[in-house]
Amino acid sequence: MIRYITRRLLWIIPVLFAVSVITFLLMHAVPGGPWAREKALPDAVEARLNAKYGLDQPLYEQYGRWAIAFATGDLGPSYRYQDRTVNDIVADGFWVTFQLGVMAFGLAVLVGIPLGILAALGHNRWPDYLTTSISILGVTTPSFVLGILLIVVFSVQLGWFPTGGWEGPETWVLPTIALAGFPIAVIARYTRASMLEVTRKDYIRTAHSKGVRNQSVVSRHMIRNALIPVVTILGPTLAFLVTGSFIIERVFNIPGIGQFYLNAISTRDYSLLMAMTMLYAFAVAFLNVVVDVLYAYIDPRIRYS
Amino acid sequence: MAQKRLLGLVAVVAIIAAACGGSTATSAPASQEPGTSGPPASAAAPTAKTGDLAEEQILNVDIAGEPPTLDPNKAQDSNSLTVLRALHRPLVYIDPATLEPTPALAESWEISDDAKTLTFTLRDAQYSNGDPIVAGDLVYSWKRLVDPRTAAPYSYVMAEVEGAGDLLALAGADPLPADAEIDALLDTLGVEAPDDKTFIVHLSTPATYFLAAMTLWVGVPIQESWITSPSAFEAGNYVSSGPFQLQTWNHNSEIVLTPNPNWYGDVKPTLTEIHMSMSPEPAQAMAAYEAGEIDMLLPVPSEDIERVKADPVMGAEYTEPPALSITYYNYNNGLDPTGQKTNPRCEDPKACPTANKEFRIALTQAVDKEAFKLATFANTGIVAGTMIMPGLPGATPDYEPYPYDLAAAQEHMATALQELGYASAADIPPLRFGFNTGSGHEPRVAFLAQAWEEAFGLKTDQIGSEFGVFLTQRTAGEYDLARNGWGADYPHANNQIAGLFTCGGGNNDQQYCNPQVDEWMTQAASEADQAAQQTLYEQVNKTIADDAASLFLRWGVNSQLVRPYVGGLQVTPMDSQVPGEHFYESIQMLVRQ
Amino acid sequence: MATVTRPLPGQVVRERRSAGLWRDAWGRLRKNRLALVGLFMVLLLLFLGIFGPFIAPYPYAQQDLKAIQQAAADGYGIGPLNPGQYGHVLGTDQLGRDLLSRLLDGARISVSVALVVQLVILLIGVPIGAIAGWFSGRLDNLLMRFTDIIYAFPDLLFIIILSVVFRETAFGRAFDGLLMIFVAIGLTSWVTVARLVRGQLLSLKETEFVEAARAIGVQDRKIITKHLLPNGVGPIIVAVTLGIPGAIIAESTLSYIGIGVQPPRASWGSLIAEGYKWIRAEPHLVLFPAICIASALASFTFLGDGLRDALDPKLKGKQ
């Protein structure tokens, strides 16, 4: 297993390499550049800025310089926030985003999985319908709408929480709920579906027929075996949550890094975009390793060569 | 979750475009003009009695996002300017009522008879760190501004200074000449400090608007030892010359300003702290105002204006002072004498109908601007017939050569079709109508497209693009029609025309060129006589409208909310994110009723 | 790569079982009221998708500016009309464009996007996941690292480039630009399904009945398509149904970037995207499109759940 894990972790490097090359090429192929403004910069100034940041050089050279710097931990200058480095920007916001992501993930798992189990146990009865309705609401309510609704009700009308910011536990509540809304719905649906898959497996029926008490069948066999699809979903969900949600951070004015991913695309802040993409790629690749390892733990029959 | 990410993008693309648009200083200014009725807040301003002052003098405002930089030489977007206006003060500043230059760091100045030499006498003044502000710091700051190694976006405002032309052109050189060569050129720049209190500027050509341009944030005094130090722009290191200093800067979160103890101005700040939050989402900023977390809001999201007006409390706190901004739409005039932006399509007149003046007139007369304003701007703003905003010299607020008149429009269209060689407007291939998505432009574009289709049967291809793509294509002249807008940098007619409607100008995306306009602009620049200068700008303004160079639609206003307990506001039409942002020092917190 | 020829769950099962079993399934589905509601709603959606534009009270782009001006004059305030005002059942946007008509016209776009994109996702995701899960080892590793890459690279950039390169070509204009949408969303969204299928197969292929099937010499392909996929169909149905609102909203993002349907046409997603700023002042502009999307999701969820139950003989008598 250790060998397998080591090998899989090493595989993250080529994945990151491929993502970086693709992103780099796409990024430079998109029209517009970091200096595009509604009020156009003088041509000479734009040329000067391009020369200053090496953007006038051949792409392979630019990539080479970026890759070497990246390998040494230098994420480069931000083109939009010119007095700051990307390292500063990421260091400032990462833990805020991470904290929010982990809290939302925890909430989503703690609510989503029990909801799904409840639905499966009450299959085609009211608990099932209730869960399904909640899920449909959760998936179709755009996070912007959910966020604003929470703000209007709990901040403007009731005055219980601040409308935004990240200055203490009272500012954490609303964004965590808003961010968890979608994953709760998704996790509940997957849990329900795979629980139902498991119900019809022979060994569960065997256990039932052998007279094993209902509760222990549920806990010992069903849940465990139902976890594979859920765990599959959880990996990328966590990767998404801890690297930040653009909308939630924006709506709640949270100083995380989630906003930067899309802002960087929009403002063509190349080095910031590369950093954000690498971070997300690493999170996805790493958590997929975790997921695969968990598979083997959940279902010991799964063996990796 | 791949889809979840895409899902997020919906709002995002939208929002971002809006953010970009705004932060390029396009969304401009608001104002208090002579003659126009002012907001109650401003009326309350000078009359606020000390007895009414609240015990706690803390102002909470929102600046819509992290300032990209607090380097005065390099800043260009409204987030940064909103902060910089509290931290620095240039040589001359604007009078909120007349928009004329007024003394600031310079207590007086003289302009030579040939209008080419400006001599400023500085006040006794200190930076926030206690060091004296000397004329040499201005020389340093201005040289830094035009230095190609700085690559400052607003370096062009120095273009008329002696020797600046060579330096500005040098920026485009690749590779850059050796440092020594640049330094030698910088030494020839027409700025000098014969003593600590005297600052002299030599212009290579008379420029009547130069004094107005000096009210910009870019030419403030800068201490070399400060700006070259590491982390110069972080709180604690920041050296300011204005009424406030940078107390804390939690990036992406909050800026706190406190009074600069060494502030030299006559009006000393009453406020003890200004808290600036950075809400990128207008709906959240709106909620923060309603929840009492911020005391002022500018601009109020246009979707919320009706709701705000109908609200018993906020309705009384809402005002719409004028702003120096305009919404207009480009017609592709297809003219470009410089050859830099030639649009190959326009070599065949049939393929480029907007190059035909009669055609442009017809389109203009088919648009009901009042209805446009009502439906797509919540009826805010002033219907525009020309480029220069009311309140500026050269403005002709009532001039509208082509008012809404469908019959006249049909006549012009008939002439145009004959000249272009089309039997009917429906035969013209769909016009390419470009706009950037997500900033609320879609209904405006749909309005215009429908007006033209109903009037003439003319078809358009509405091309919505991501902001960067849109800008690239608009500059390249790929659209027949394109969304556009402008906000004044400094209150002078020159800033509304030069580069925008002069032949081959950097922002002349409508590819308009009328040599007569260029000539008048040059004349106006050296016309010392105010009245004569104004006449020239008026001619320019009317001629551009007569040529139907663009479709001028609406001059902006600053839709703003101010709590009644904020006193002492001096709003200007240049404000963009905080009402009264040019004069934070006069703001006072009054006792809440 | 064409190992799996019939990845649609319904079809897979239909092939596997005898006509009698299929009839049993239909019999069970008929008894499931919720599933029937779902089926009815799906048919209704399809009907709206095809005939929506013909039953709309107004052309989707027609602006009723007179009504907007009238409403302002009558003291209803400036801006979008509320539901029921001036002959507009669901109200209008700020230009007086009838919301009901725009929703009906948008049904065609949104429903077809929802369905076709899910099909594309299945066609790519299921084979890749099945191959990776079945063969495991090196092939699995390569395929899964490929999905990692697809997960992580910024699809927005890819889509912007598609829009710039293809907008004015025949490909970009095919089916009103919908073809590009199918391709753009499909190509970037199949990864979840692939990983789900793989996870299921990794576990299922170790079960006794697979060993038995192998022992008697059944082909890999048959084992996968006829035994393993049907056994793991639940989570796939969930992925497909949950993907529907995602695809509808993703479509609107794409039309923002300039791919696919262009204004003044609107889809449900783009109505939300344009309407969200009005959420406090004119909530109907968000509410009604959101209800449409929610009903689409609900109908497919009910039908999908019912279908799964109906196809599962072991659940017989448990309902």
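This is a predicted model: local features need pLDDT of at least 70, side-chain atom pairs count only at pLDDT 80 or more; totals for chains, interfaces and linings use all residues.
1. Along its principal axes the C-alpha trace of chain A spans about 80 × 60 × 30 Å.

2. In chain B, three strands form an open sheet with antiparallel pairing, in the order β11-β19-β12. The edge strands of this sheet are β11 (296-297) and β12 (318-319) of chain B, each of which pairs on one side only. Between β12(B) and β19 (residues 560-562) of chain B there are two bridges, and these two strands run antiparallel; a residue pair to inspect here is B:T319, which stands opposite B:Q560 in β19(B).

3. Elsewhere in chain B, strand β4 (residues 106-111) and strand β5 (residues 117-122) run antiparallel and are joined by five bridges, with B:E110 standing opposite B:T119 in β5(B). The hairpin of β4(B) and β5(B) has five residues between the strands, and in this hairpin B:A115 takes a positive phi near 60°.

4. The contact between chains A and B takes 54 residues from chain A and 53 residues from chain B. On the side of chain A that touches chain B, the elements that give two or more residues are α2 (43-52), α4 (86-121), α6 (143-157), α9 (214-242), α10 (246-251) and α11 (258-266) of chain A, and the largest share, eight residues, comes from α2(A). By residue class, this side of chain A divides into 27 nonpolar, 15 polar and 12 charged residues.

5. The contact between chains C and A takes 47 residues from chain C and 46 residues from chain A. On the side of chain C that touches chain A, two or more residues come from each of α6 (137-152), α7 (155-166), α10 (191-204), α13 (233-257) and α15 (284-310) of chain C. The residues of that side of chain C divide into 29 nonpolar, 11 polar and seven charged.

Definitions and conventions
Residues are numbered from 1 along each chain as its sequence is written. Chains are lettered from A and ligands numbered from 1 in the order in which they are written. Two strands pair if DSSP finds at least two bridges between them. Helices (H or I, at least four residues) and strands (E, at least two) are DSSP runs, numbered from the N terminus. Two residues are in contact if their C-beta atoms, placed from the backbone, lie within 7 Å. Ala, Val, Leu, Ile, Met, Phe, Trp, Tyr, Cys and Pro count as nonpolar, Asp, Glu, Lys and Arg as charged, and the others, Gly among them, as polar.
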